[in-house]
Amino acid sequence: MKKLSLAISAALLSSTMALSSLPAVAAWPTSVDGQTMPSLAPMLEHATPAVVSISVKGTHKVKQQNVPEAFQFFFGNRNPNQAQQRPFRGLGSGVIIDSDKGYIVTNNHVIENADEILITLKDGRQLTAKKLGSDAESDIALLQIEADKLSEIKLADSDELRVGDFTVAIGSPFGLGQTVTSGIVSALGRSNLNIENFEDFIQTDAAINSGNSGGALVNLRGELIGINTAILGPGGGNVGIGFAIPSNMMNNLVQQIIEFGEVRRGILGVAGRSVNNDIAQAMELKSSQGSFVEQVVPGSAADEAGIKAGDVIVELNGKNIRTFFELRAKISSIGANKKVKLTVIRDGDKKTFTVKLKQSEGSNIAAESIHRMLEGAKLENDKNNKGIIIEEVAQGSPAQMAGLKSGDLITGINRSRIKNIAQLRDYLKDKDGVLALNIIRDNHAQYLMIR
């Protein structure tokens, strides 16, 4: 569990859970002396088979401490900046969201730097997982396993949550095995906690502890409403303040990883702050909620759409925006080139703008997660769905050694048509040996052989 600096220590968890589709409401079948007693057991019988435990091992770099000159005779004159590789092991959890394709969602901090990821299903099966992609800034990672008879969890619309809704957390705290706890939604839109870069947390009092990271927070229908991520408490212990990434935010990020192998974060291009009483009075607003725009970046998506400094953004795609941090987190999970509708208050009137988000700089696809010989290549789907564009090739990388060059367009493999990165990933997952890569270079078709 990773501790974080807050008023009290906050801790990233390590946990798991996943659920499948359930009845419309939790049943109450148990009876005592002829009286029906409430129980979550029927819902959990459907949910818990989709919960997995994750164990990882790998190495991470640790800088050597500088040895005082007086002791260098004994220890040698070491370079203080030299790093050592030290092995580590860790435990966590994950949620199966697609049983056919074996997709498992967890936290990035659970599998970060892992060389080996082992999944344990509820029925005892153990499988090695492949990392498809991750996003450290939102702490989401997507894994894949190959197995039959998997259960999956249905996703709920986390934007429909209300404070007071019942919640159930499923995970493996302290490595004890699958554990279920219950509570309510304590708050929504928690942010500015310095846990992650993009924060829009669900707060719950369902007991979650170290070992619950990547686990599921569900409603009474067994639908996924969030991925348990962090707790606030002295020494990392549970005091009834836990945080989960909303399912809608998670799903937006995961769909980008599935399509591109990475998160291609959309950028709005505004600077601002949350509306408070002072801003509400100064701008003559009827409410002290919303996102006050202090500056619009020239040439940005917001600028091109007509957003201006002084606007107060109150809705995103028809859903209320309470704070600037909530707007930032929600925009960050929506992919680049996606269109969103922003409702603003300007001069006392509501106006709606359609904004096409631009792409964040520094995006770097994990092409090696698709095939090891693609490592070092940055991939981009062709806008006309004609194939996959090689945007960049790192010097000395396996992709360069395979013969790939910037500007190449991959259109097929082994005479099979490939239109986008998602198709490429699906085609290669079961393929071994030599592959014939069909590319277009300088308007001429040719084949490259990769092994």
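**Exercise 1. Sort the residues that line the largest pocket by class.**

Solution. The lining has 3 nonpolar, 11 polar and 7 charged residues. Here Ala, Val, Leu, Ile, Met, Phe, Trp, Tyr, Cys and Pro count as nonpolar, Asp, Glu, Lys and Arg as charged, and the others, Gly among them, as polar. A pocket is an open set of points on a 1 Å grid over the protein atoms alone, where a 1.4 Å probe fits, with protein on both sides within 12 Å along at least five of seven lines; lining residues have an atom within 4 Å of a point.

The model is predicted: local features need pLDDT of at least 70 and side-chain atom pairs pLDDT 80 or more, while totals for chains, interfaces and linings use all residues. Residues are numbered from 1 along each chain as its sequence is written, and side-chain values use heavy atoms, without hydrogens and water.

**Exercise 2. Find which element gives the largest share of this lining.**

Solution. Helix 4 gives the largest share, 5 residues. Helices are DSSP runs of H or I with at least four residues, numbered from the N terminus.

**Exercise 3. Check the length of helix 4.**

Solution. Helix 4 has 14 residues. The expected span is 1.5 Å times one less than the number of residues, which gives 20 Å for helix 4. Its end C-alpha atoms are 20 Å apart, so the two values agree. Just after helix 4, G261 has a positive phi of about 85 degrees.

**Exercise 4. Decide whether A50 is buried or exposed.**

Solution. Buried means under 20% relative accessible area, exposed over 50%, partly exposed in between (1.4 Å probe, protein chains only). A50 has 0% relative accessibility, so A50 is buried.

Terms used. Helix = DSSP H or I, 4+ residues; strand = E, 2+ residues; numbered from the N terminus.
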